Amino acid sequence: MKCAIFCTVAALCAAPLCAPLCAAPAPSTAPAANDPGSAATARLAVEEGVRRSLAILRDPNLSRAEKSQRIGQIADDAIDFETVSRLALGPPWKQLTDAQKEEFVREFRKHVVAICAHAPDGYRDQQVEVAGDKQEERGDWTVHTRILGKQDDGTPKETGQVDFRLRRRDGRWRIIDLNLEGISIAANLRAQFQAIISNGGIDRMFQVLRQRDEAHENADRAADKATTGK
Amino acid sequence: MWLLRPWRVGAATAACALLFLTGCGTYPQNPDPYERLNRVMYNVNDGIDKAALKPLSDVYVAIVPKPVRQGLGNAFNNLGYLNVILNDFLQGKVDQGFADAGRMAVNSTVGVAGIFDVATKWNLPEHKNDFGITLGKWGAEPGPYLVLPLFGPATVRDVPGRGVSMVTNPLYWVDVPLAASIPMGVLEAAQTRADLNDLLKFRDEAAIDPYVFVREGYLNYRRRQIQGTKATGPAPGFYDEDEPATQPTTRPATERVTAR
């Protein structure tokens with residue numbers, strides 16, 4: 001009777017998909033990639049970014065537009081949008097002209113920032129705790145986090161696990177992917193872009209991306225109008 | 001069975017037939033050979049959701065207080081728990097099977113027909129398990145991706161599990177009068193949709209191609225359920241096919257470093 005498939009998807013949901021997305025680490029100056037100290041730096045970057053992002057999302061005095069704007073600032077520090085764009089687009093990236101690459105990074109950044117800033121309320125009460133980290137190929141670093149929600153009696157309960165993959169560029173650790181319970185966001189995005197490009201080409205892909213960003217902006221405006229109207 | 005219970009054995013038989021018809025042994029290169037048909041079904045499901053399920057669950061969430069909703073959700077979970085226990089044993093997880101049987105016993109009695117989740121407090125936490133996972137652990141390939149009417153994402157390997165979860169639900173064997181089973185079905189639909197609300201909101205917010213977003217997420221999630229943490233990320237090479245290496249490749253990614 002219980003819809004098991006829906007439940008498995010619901011379990012996915014239990015991992016707060018949004019809060020970690022917003023958990024954008026602050027900029028950090030890191031020592032050389034092989035320095036063991038770099039592990040601690042990557043961890044600190046994640047901890048700090050989570051704290052800053054959640055503080056903004058929980059601030060009741062900020063409008064949605066303001067939240068988007070401030071989350072955007074943190075995201076620019078914390079996320080390597082160019083690398084994320086290449087990873088998310090995959091092979092078609094090489095076919096883009098320089099102007100198209102620039103436009104893609106710009107539109108894609110807007111999309112990511114909007115997702116972060118619009119985290120559902122339910123996720124904002126959760127705590128993110130760094131649980132460990134490990135070195136990856138290419139000098140990347142993965143920081144494991146556990147998401148802790150509150151049970152009815154107030155005790156924390158793990159609701160999900162999120163891994164941040166960071167890459168060091170120009171002396172800074174920045175996020176290049178998120179892994180939610182085994183699901184790589186960049187890989188999921190690549191599959192989505194591939195589907196759109198194979199059906200409608202690069203132009204269609206840009207069109208869809210722009211439409212998404214417009215929808216986000218309209219949603220921000222509508223939400224702020226609704227609150228100030230009260 | 002969820003909204004339309006009286007299929008009973010017919011559904012289970014059809015599920016098995018489908019498994020054999022589609023060929024359980026052949027694992028296609030393309031995980032989604034029926035994409036066109038699946039997209040149609042996806043849109044039908046989405047239409048039903050927007051027209052009926054979402055409004056239903058919004059009303060449900062608005063008028064039913066949270067503790068009551070939680071109790072109902074617990075009770076529905078408890079009814080489906082025989083399925084978890086059975087599959088624990090089928091996978092040879094004897095200890096977990098007994099623990100889950102204890103959980104169901106405690107919640108069915110002390111927890112008043114499963115309404116109160118006493119077992120979690122007694123250190124008998126909830127597990128997820130189903131026959132699709134069992135088949136995967138036994139070595140069956142997922143087969144083509146399917147979007148089932150009303151139930152949503154699945155693979156061929158998951159289809160027999162629908163039948164197993166149906167017949168392991170005690171209510172299946174009891175003649176519940178229609179006057180009771182319809183409201184229960186509606187309640188369960190509302191409760192299930194409410195549980196999914198945050199995820200679907202996230203889909204609507206984040207997805208660029210929602211169909212692919214759901215498919216990839218589902219396939220990944222099931223792989224992880226079956227293979228455990230071995231299935232941790234994208235294919236090898238995913239992180240460097242995009243650009244020439246700018247960083248020296250260092251030690252292989254095996255060790256865990258503790259904080260200092």
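Over which residues of chain B does pLDDT stay under 50, and how many contacts beyond four places in sequence does the model have for them? I found that this holds for residues 1-7 of chain B, for which the model, a predicted one, has 15 such contacts. A further stretch with pLDDT below 50 covers residues 21-28 of chain B, and for this one I noted eleven contacts beyond near neighbours in sequence. Where pLDDT is low, the predicted coordinates should not be read in detail.

I then looked up the confidence of chain B overall: its mean pLDDT is 83, and 80% of its residues reach 70 or more. For the model I wrote down an ipTM of 0.79 and a pTM of 0.80.

Next came the make-up of chain B, in which I listed eleven helices and three strands, running α-α-α-α-α-α-α-β-β-α-α-α-α-β from the N terminus. Of its 260 residues, 35% are buried, and of the contacts between residues at least 6 apart in sequence, 70% join residues at least 24 apart.

Last, I turned to chain A, where helix α5 (residues 81-89) and helix α6 (residues 98-117) pack at about 95° with their axes 10 Å apart, and are therefore roughly perpendicular to each other. The residues making this contact include Phe81(A) and Leu89(A) of α5(A) and Phe104(A) and Arg109(A) of α6(A); by type, the contact residues divide into six nonpolar, one polar and two charged.

Methods:
Residues numbered from 1 in each chain as written. Chains lettered and ligands numbered in written order. Predicted model: local features only at pLDDT ≥ 70, side-chain atom pairs only at ≥ 80, totals over all residues. Helix = DSSP H or I, 4+ residues; strand = E, 2+ residues; numbered from the N terminus. Buried ≥ 20, exposed ≤ 12 C-beta atoms within 10 Å, placed from the backbone. Contact = placed C-beta atoms within 7 Å. Axes fitted to C-alpha atoms, helices over the stretch in contact; angles between N-to-C directions. Parallel < 35°, antiparallel > 145°, perpendicular 65-115°, else oblique. Nonpolar A, V, L, I, M, F, W, Y, C, P; charged D, E, K, R; others polar. pLDDT = per-residue confidence, 0-100.
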